[in-house]
Amino acid sequence: MAKFSPETIEKHLRRKHPGCPDFAIAFFVAEIAKKNWKGATLGMAVGITMQNVLRHTMTDYDQLLLVGVHRKEARRRVQPKINAMIATWRNYPDRLASCFNETQMSGVENRRNVMPFVEGKTIRGWAVVPASDDAIWELKGIFEHKEEAETLAASLGSNYKVAFGEAEEGTDNFIFA
């Protein structure tokens, strides 16, 4: 079985994912180092760990399963968000550090309780967005309280849903958290 040293894991993460925040690197190093990775390369171990952590802490994956969406379909729905986050970590070291904080990595409920807030020109909160992933993007609003967003979404009909994330002030650019 392959067991990777924390130093080797950290070096790999910093080289392959220079945009990954330091606190996330520390978290991933600890998660990867404590496991035996039978037949896996370090890159596979990092990829599996990142995918799992991001799927369960930064997407609606678990909620989709709870409402009866099949695992394969739930994974399909959340995968673009995971891919985008990992791609950002690979390419933009300065940009991502401001998008996530330690509380966000500690769990979905904790993350949502400490937000929303404005950071520079980024507003974090509950947004009303098209329900279909295939829909043309249109941010209808972003709110501090989930109930406010749900009220607007209900008034717009079943083609809209409420999602937690962040938006650039004055734009329709929204990133699911």
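1. Crossing of H1 and H2. In this predicted model, helix H1 passes helix H2 in a right-handed crossing, a crossing being right-handed if the near helix is turned clockwise from the far one by less than a right angle, and left-handed if anticlockwise. H1 covers residues 6-16 and H2 residues 22-33; their axes come within 9 Å and cross at roughly 135°. The axes are lines fitted to C-alpha atoms over the stretch in contact, with angles from 0 to 180 degrees between N-to-C directions. H1 and H2 are therefore oblique to each other; angles under 35 degrees count as roughly parallel, over 145 as roughly antiparallel, 65 to 115 as roughly perpendicular, and the rest as oblique. Helices are DSSP runs (H or I, at least four residues) numbered from the N terminus.

2. Residues at the contact. H1 contributes Pro-6, Ile-9, Glu-10, Leu-13 and Arg-14, while H2 contributes Asp-22, Ile-25, Phe-28, Val-29, Ile-32 and Ala-33 (contact means heavy atoms within 4.5 Å). These residues divide into 8 nonpolar, no polar and 3 charged. Ala, Val, Leu, Ile, Met, Phe, Trp, Tyr, Cys and Pro count as nonpolar, Asp, Glu, Lys and Arg as charged, and the others, Gly among them, as polar.

3. Salt bridges around Arg-14. A salt bridge requires a side-chain nitrogen of Lys or Arg within 4 Å of a carboxyl oxygen of Asp or Glu, and the count comes to 5. One of them joins Glu-10 to Arg-14, with the closest N and O atoms 2.9 Å apart. Glu-10 and Arg-14 are 4 residues apart in H1, so about one helical turn separates them. Arg-14 also meets Asp-22 in a salt bridge, at 2.9 Å from N to O.

4. Glu-10 is partly exposed at 32% relative accessible area, and Arg-14 is partly exposed at 37%. Asp-22, at 52%, counts as exposed. The cut-offs are under 20% for buried, over 50% for exposed and partly exposed in between (1.4 Å probe, protein chains only).

5. The side chains of Glu-73 and Arg-77 meet in a salt bridge at 3.0 Å, N to O. Both residues lie in helix H5 (residues 71-91), 4 residues apart, about one turn of the helix. Glu-73 is partly exposed at 26% relative accessibility, as is Arg-77 at 32%.

6. Basis. Residues are numbered from 1 along each chain as its sequence is written, and side-chain values use heavy atoms, with hydrogens and water left out. Because the model is predicted, local features need pLDDT of at least 70 and side-chain atom pairs count only at pLDDT 80 or more, whereas totals for chains, interfaces and linings use all residues.

Definitions and conventions:
Helices (H or I, at least four residues) and strands (E, at least two) are DSSP runs, numbered from the N terminus.
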